[in-house]
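Good morning, and thank you for making time for this item.

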Amino acid sequence: MMNSLDISEECNNAFDKILKTRRSIRFFRDEIPPKELIEDIINAGLFAPYAGLAVENKEYFRKFIVIPRNTRAMEKIVEITKNIMKVKSEAFKSEMDKNPYLKKKGAAFSKRLELFADKGVLGIGTAPYYIVIAEKRGFPPVQQQSLAHCLENMWLKATSLNLGFHLVSATAQMAEDEDFSRILGIKSGEYEINGCAIGYPKENPSESSRPETKEVINWIK
Ligand SMILES: Cc1cc2nc3c(=O)[nH]c(=O)nc-3n(C[C@H](O)[C@H](O)[C@H](O)COP(=O)(O)O)c2cc1C
């Protein structure tokens, strides 16, 4: 059996290739990826780290709810999402009126909420699959960090399967909604949630571009 750190050079090169190929893909072909590939992606999410203390080392602390496009459930979720975003948009605007910092910094976010309320959220109903990941709430409250690790694993796996993926972070704002939770089959308030959309990419973008590594390091001597 291979030692767990016995990673070959070929494997390392493949990993670098996946890291650089990973992009946000927001538009998809109509073709539906097979369930097995979605299960492989979810399996990668399960292997992401979790906060042992917060989940009290229980085995079933993370759930994955897959909602395919063109289902009755998705139709309802699109409507629920728009209603939630309308309430959030109005609440945020009145917060902005009271808070000078939000007034200065929150304009783009406010516009985004308005757009979501009007047209819905990109990734919810616009991709072959919308996946919600739910992590049991606990203490310390680090569930969103945990979900970010999970989503990154899923994203890299989707990339290695030639599937497109984008984050749907508006999902996190819908955790308290009872109708949404009912469709997901979870108890509202019991989980932190986040989400992503997956399908075959309409177009393949170029590899990511980032600053030179040396330019962002400060080696303390
Ligand atoms: C915390 C966080 C939330 C994000 N939320 C969304 C989102 O809701 N929808 C989306 O399409 N992209 C979302 N993104 C993706 C970023 O826009 C994207 O990663 C960035 O523009 C770099 O592009 P790349 O992913 O193609 O490298 C999010 C990224 C982060 C880190």
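Throughout, helices (H or I, at least four residues) and strands (E, at least two) are DSSP runs, numbered from the N terminus. Please note that this is a predicted model: local features need pLDDT of at least 70, side-chain atom pairs count only at pLDDT 80 or more, and totals for chains, interfaces and linings use all residues. Residues are numbered from 1 along each chain as its sequence is written, and side-chain values use heavy atoms, with hydrogens and water left out.

I begin with helix H6, which covers residues 143-160 and contains Gln-143. Is Gln-143 buried or exposed? Gln-143 counts as buried, because its relative accessibility is 3%; buried means under 20% relative accessible area, exposed over 50%, and partly exposed in between, with a 1.4 Å probe and protein chains only. Setting aside residues up to four places away in sequence, Gln-143 touches Ala-54, Glu-135, Lys-136, Arg-137, Gly-138 and Glu-192, where contact means heavy atoms within 4.5 Å.

Ser-146 also belongs to H6. With a relative accessible area of 6%, Ser-146 is buried. Its side chain makes a polar contact with the side chain of Glu-135, at 2.8 Å. A polar contact is a pair of N or O atoms within 3.5 Å; within protein, one must be able to donate a hydrogen and the other to accept it, and residues adjacent in sequence count only if both atoms are side-chain atoms. Beyond its neighbours within four places in sequence, Ser-146 is in contact with Pro-49, Tyr-50, Ala-51, Arg-62 and Glu-135.

Now the helix as a whole. The buried residues of H6 include Leu-147, Cys-150, Met-154 and Trp-155. Among the elements that cover the buried residues of H6 are helix H1 (9-21), helix H2 (35-46), strand S1 (62-68) and strand S2 (129-136).

Next, the ligand. Which residues are around the ligand? They are Arg-22, Arg-23, Ser-24, Arg-26, Trp-155, His-166, Leu-167, Val-168, Ser-169, Ser-208 and Arg-210, a residue being near if one of its heavy atoms lies within 4 Å. A polar side-chain atom of Arg-23 lies 2.7 Å from an oxygen atom of the ligand. At Leu-167, a backbone N or O atom lies 2.8 Å from a ligand nitrogen atom. The side chain of Arg-210 has an N or O atom 3.3 Å from an oxygen atom of the ligand. Taken alone, the ligand exposes 620 Å², of which the protein buries 53%; these areas come from the Shrake-Rupley method with a 1.4 Å probe, and for residues only the protein chains shown count as cover.

I turn to the backbone. Most residues other than glycine have a negative phi, and most peptide bonds are trans. Here, a cis peptide bond with omega about 0° joins Phe-139 and Pro-140, and Pro-140 sits in the loop between S2 and H6. Asn-162, in the loop between H6 and S3, has a positive phi of about 60° and is exposed, with a relative accessible area of 61%. Asn-70 also has a positive phi, near 60°; it lies in the loop between S1 and helix H3 (72-98), and at 71% relative accessibility it counts as exposed.

Finally, the overall picture. The chain has seven helices and four strands, and buried residues make up 37% of its 221 residues. Among contacts between residues at least 6 apart in sequence, 80% join residues at least 24 apart.
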